[in-house]
Amino acid sequence: MQRNERLSTDLRKPIVEMRHVKKAFGYIQALEDMNFSAYSGEVTAIVGDNGSGKSTLIKILTGCLKPDAGEIWIKGSCFSSLTVKQSMNAGVTAVYQDLALDNCKDCAGNIFLGRELMKRGIFLDHARMRRKTEELLEKLHILIPDITQPVERMSGGQRQALAIARAVYAGGDILVFDEPTSAMGVRETARIMELFLDLKEKGKTIILISHNLFQVFDISDRICVIHNGRFVDSFLTKDSSPQKLNKLIAKKEEELGNEKMD
């Protein structure tokens with residue numbers, strides 16, 4: 001099915017849906033009646049200014065935070081809140097900005113971190129973990145010339161790609177990325193974007209947080225706009241542009257400013 005054919009049928013149910021979610025930290029209202037949807041096999045971007053609630057939203061989805069109210073629907077199952085284990089069991093895997101890689105370990109050591117393969121029940125099976133790592137990286141078209149070197153010696157793009165490979169190996173079919181290319185150069189960013197598109201073609205659902213609007217429009221199928229913890233709008237990427245999106249955000253800021261004056 002081609003991209004435009006897939007997007008033309010919105011009769012499908014979202015694979016992820018968050019309804020009327022609220023979250024406060026003391027007197028600060030991080031999310032207020034927030035709604036969000038993502039569809040299977042698509043890239044959905046979440047955009048908004050710093051402090052708009054983007055990270056809070058995905059931390060609730062991944063079980064790192066408990067919402068004060070609302071519903072979380074994943075593959076037809078409803079949750080009032082999630083633990084990290086429940087979220088992962090539902091197929092959600094997140095790659096945060098810090099990547100959470102062990103700099104002293106090599107590729108295999110990070111892919112299998114916490115779920116190492118054993119032989120005879122007591123010994124680490126280094127050869128099998130290395131072989132499976134090579135197979136995984138090849139399957140994802142990830143090029144790391146020397147997979148035996150410590151992660152700390154790798155480039156930013158290689159580290160990000162490794163974190164993505166680990167998320168895929170964990171079995172997630174809903175992959176969440178928080179500013180995945182913020183510290184990368186043009187070439188490494190382009191490679192990671194290609195990897196996202198490849199994952200989408202393999203049927204993965206990608207939820208992407210990014211400040212780079214042109215990058216968002218290059219890769220996403222849908223865009224969800226949030227501002228000051230509130231849902232603003234959600235639309236198909238092909239029906240908008242970075243310029244239209246900037247105007248939408250500016251209009252919302254003006255409306256909220258007028259509300260405060262009243």
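**Notebook: pockets in a predicted model**

For the search I used a 1 Å grid over the protein atoms alone, where a pocket is an open set of points with protein on both sides within 12 Å along at least five of seven lines, a 1.4 Å probe fits, and lining residues have an atom within 4 Å of a point.

I noted that α3 (84–89), β6 (92–95) and α6 (156–169) each give two or more residues to this lining; helices (H or I, at least four residues) and strands (E, at least two) are DSSP runs numbered from the N terminus. β6 provides the largest share, four residues.

This is a predicted model, in which local features need pLDDT of at least 70 and side-chain atom pairs pLDDT 80 or more, while totals for chains, interfaces and linings use all residues. Residues are numbered from 1 along each chain as its sequence is written, and side-chain values use heavy atoms, without hydrogens and water.

I recorded a volume of about 360 Å³ for the largest pocket, taken as the space filled by probe spheres set on points joined across faces, edges and corners. Its lining comprises 13 nonpolar, three polar and three charged residues; Ala, Val, Leu, Ile, Met, Phe, Trp, Tyr, Cys and Pro count as nonpolar, Asp, Glu, Lys and Arg as charged, and the others, Gly among them, as polar.

I then turned to the second largest pocket, which holds about 220 Å³. Its lining includes His141, Ser155, Gln158, Arg187 and Glu188. α7 (186–201) and α6 each supply at least two lining residues, and α7 gives the most, five. I counted five nonpolar, four polar and three charged residues there.
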